[in-house]
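The following questions and answers examine how terms are assigned in a protein model. Each answer sets a value against its definition.

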Amino acid sequence: MTVTPLRERKAYQALERHHGEIARHHLRKLFGEDPGRGERLTAEAVGIYLDYSKNRITDETVRLLLELAVESDVAGRRDDMFAGKHINVSEDRAVLHVALRMPRGTSLVVGGVDVVNEVNDVLDAMYVFAERVRSGEWKGATGKPIRNIINIGIGGSDLGPVMAYEALRHYSRRDLTFRFVSNVDSTDFVEATRDLAAEETLFIISSKTFGTLETLTNATSARHWVVEQLGDESAVAKHFVAVSTNAERVSQFGIDTANMFGFWDWVGGRYSMDSAIGLSTLLAIGPDGFRELLAGFHDMDEHFRTAPLERNLPVLMGLLAVWYGDFFGAQTAGVMPYDQYLKRFPAYLQQLTMESNGKHVTLEGAHVDYQTGAVYWGEPGTNGQHSFYQLIHQGTKLIPVDLIGFGQSLNPLGDHHDILTSNVFAQAQALAFGKTEEEVRAEGTPEHVVPHRVMEGNRPTNVLLAQVLTPRLLGSLIALYEHNVFTQGTIWNIDSFDQWGVELGKVMAKEIVPELASESEPPLGHDSSTNALIRRYRALKDHKTVGD
């Protein structure tokens, strides 16, 4: 289907006119004229309840946004993804992270290969390996069982596993220590290993090509650390496994390729945490927990694939993101989970959303003349309330916020959870309705202080509620945002599945490394700023006075 440029679509033009009519309408007015909107502007699926009534929208807004989704062929492009068509156009690849969680017995044939069978073959190998490590059957080089697992990766090979471990720590084996190394800064590796014994430590090296500079630098240091402590190169095979597709490089490193867990080029890094990249998650929560995680992903996949657009959670959230970004000019979006276990969830979403939709050309390669991906950020509640919520409430920037809450705590303690959850509802209410001058004066506030205490309100929120954080619920929550991102990208007609902007800096860094490391200064052919910075670094590195 040929998609009309965004600004030329009838629904988009209708939304522009509609925005002009309602942009100044306050949520106080919208609720006053439509008291039942709090029950009506909601949707629910797979254990997640979405209240989107505190958005600056009317029923007409929703109708027009849904028309935009139809005119943008969200359903058709969604179906193309699930069918394995090459919707990643710049790399000519299928986008099949949804196949990673399709149940055994289902089938998806792409290029003559049933990818679901391939996925389950890898999962079966992962389950066997995890049971060997968790039971103590897998022994290190000195015969001791593994007690420490360190995942070495970067980007999607780190953010997903870190987030999942923290989110599901309640379900993890507490007699096993899990750590994650991603930064090429040596401090990251040194601090992760400082108090560990190599004879009880297993490293998971996660790199599709086994050539990522940061990951291989850390992996090489890990190899030296193990060999130095255990005194034998052969120990590497007992203390390292790989998540990769490059058997030759894995073998050259010293890892037995029988302990290499593969994945495929149709899995983007930021969509890979439920592939073999999730091996550390599997070791932490066990095969049954990992199966539940995958089932949660699949639950949301099926909802996204089959639910009508008007009741489709990812579609609704994606459309609202477009509404604020393209019509209100919102530059950022906040995600505030009111569960400490989800403390790394906003960081995970930063890569998912910003690497996916941080694009400036359409699928056809034309420059866009509208806003694409927002800056996503956040912190757990209630911490954020005592730092940056001030700007959301009284600042000059419009920041739509997702507030995520749960009906039950995994660690009940007195009235902690009621207090925590009261803040979810109170923040949504305060952001929406604020406090007027009259209300401030009625509290006896001195007149000169009144302007400072007025809260304008009209700040939009989505509230997401679920019963309790489980592996299955986490899978559904992640998939919700994956398909939310997909919906936004489809509306914008961009490729949400490449990341060429990540590559440029990597290439330049490889050119600069030898210029920093050589004993004498080589000829420098960069711009004057980069040349000067290289010379200053070399002087600092050599403890010389700059200018000597």
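Helices (H or I, at least four residues) and strands (E, at least two) are DSSP runs, numbered from the N terminus. The model is predicted, so local features need pLDDT of at least 70 and side-chain atom pairs count only at pLDDT 80 or more, while totals for chains, interfaces and linings use all residues. Residues are numbered from 1 along each chain as its sequence is written, and side-chain values use heavy atoms, with hydrogens and water left out.

Q: What makes β12 and β13 paired strands?
A: Two strands pair if DSSP finds at least two bridges between them. Strand β12 (residues 401-406) and strand β13 (residues 461-466) are joined by 6 bridges and run parallel, so they meet that criterion. In β13, T461 is the bridge partner of V401.

Q: Why are β1 and β11 said to stand at the edges?
A: The open sheet has 6 strands in the order β1-β2-β13-β12-β10-β11, with mixed pairing. Both β1 (42-45) and β11 (375-377) have a single partner strand, so one side of each is left without a neighbour in the sheet.

Q: Why is α1 called roughly antiparallel to α4?
A: Axes are lines fitted to C-alpha atoms, for helices over the stretch in contact, and angles run from 0 to 180 degrees between N-to-C directions. The axes of α1 (residues 10-22) and α4 (residues 59-71) cross at roughly 160° and come within 8 Å. Angles under 35 degrees count as roughly parallel, over 145 as roughly antiparallel, 65 to 115 as roughly perpendicular and the rest as oblique. The crossing angle therefore makes α1 roughly antiparallel to α4.

Q: Which residues of α1 and α4 meet?
A: With contact taken as heavy atoms within 4.5 Å, the residues of α1 include Y12, L15 and I22, and those of α4 include L64, L65 and L68.

Q: Where is T382 placed, and what is the peptide bond from G381 to T382?
A: T382 lies in the loop between β11 and α15 (389-394). The bond from G381 to T382 is cis, with omega near 10°.
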